[in-house]
Amino acid sequence: KRQDEAGVRVRATVSPKRELGIRAVVDGWRRLSTGALNTVLFTRLDWRVTSSWSWATWAEYRNAGAQRFTIATRVFFDPVHSVTVSGQLQYRWGGRLGGAPLQQDLAAIFNLIARPVEALRVQLRLRYDFDDVWSNHRLPQTLWSYVDVGLTLRERDLLRCRYDVRLFLDERESTRARVPNPEHWLWVEYVFRY
């Protein structure tokens with residue numbers, strides 16, 4: 001904690017079975033100068049369903065400043081050593097209880113990583129964010145994807161190329177005036193280690 005804070009944090013990890021894991025965190029602290037009380041509650045369940053499939057789900061509550069509730073779930077699939085596929089869905093509420101309606105946002109992520117040969121790594125990522133599910137005129141709504149390719153040329157050298165596309169979907173005035181939409185980005189990087 002900072003010099004102006006005092007509190008307690010408790011963490012627990014339990015594995016009732018080899019393929020099942022449960023984690024929990026309770027964190028509470030008070031800012032001494034203002035007397036403000038802050039809390040973080042977190043719990044996560046990880047389950048190895050089969051040798052190829054695993055699933056995780058978690059929930060979090062924070063009240064540092066404004067309240068925020070998050071629930072999320074993620075699925076992993078790694079059918080062979082060289083390929084991993086995952087998908088994540090997250091829903092979050094934020095704001096002050098008893099005040100204005102809580103802001104609710106949604107995020108969905110798809111990720112694929114492949115190593116067809118030892119020297120080549122390819123990652124494809126697709127992410128959708130909707131920062132206010134009740135209004136498409138107030139906060140961003142975006143669809144972002146990229147392909148990242150890394151090639152080991154020699155034992156210590158890496159050539160990396162990444163291409164991003166970001167599409168803005170909301171109806172805000174700033175988004176309507178945005179040029180370009182979608183945005184395209186290209187990075188080329190060469191890493192030399194000696």
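Which residue has a side chain joined to that of Glu60 by a polar contact of 3.4 Å? In this predicted model, the partner is Arg62, whose side chain lies at that distance of 3.4 Å from the side chain of Glu60 in a polar contact. Glu60 itself belongs to strand E4, which spans residues 53-62. Because its relative accessibility is 18%, and the cut-off for a buried residue is under 20%, Glu60 is counted as buried. When residues up to four places away in sequence are set aside, Glu60 is in contact with Val40, Leu41 and Phe42, and also with Arg68, Phe69 and Thr70.

The strand that holds Glu60, E4, is paired with strand E5, which covers residues 67-80, and this antiparallel pairing extends over 10 bridges. One of the residues involved is Ala59, whose bridge partner in E5 is Ile71. Between E4 and E5 the chain forms a hairpin with four residues between the strands, and in this hairpin Gly65 adopts a positive phi near 85 degrees.

Strand E5 is in turn paired with strand E6, made up of residues 83-95, again in the antiparallel sense and over 12 bridges. Arg68, which is among the residues touched by Glu60, has Gly94 of E6 as its bridge partner.

Key. Residues numbered from 1 in each chain as written. Predicted model: local features only at pLDDT ≥ 70, side-chain atom pairs only at ≥ 80, totals over all residues. Heavy atoms only, no water. Helix = DSSP H or I, 4+ residues; strand = E, 2+ residues; numbered from the N terminus. Buried < 20%, exposed > 50% of the residue type's maximum accessible area, 1.4 Å probe, protein only. Polar contact = N/O pair within 3.5 Å; in protein donor to acceptor, adjacent residues only side chain to side chain. Contact = heavy atoms within 4.5 Å. Pairing = 2+ DSSP bridges.
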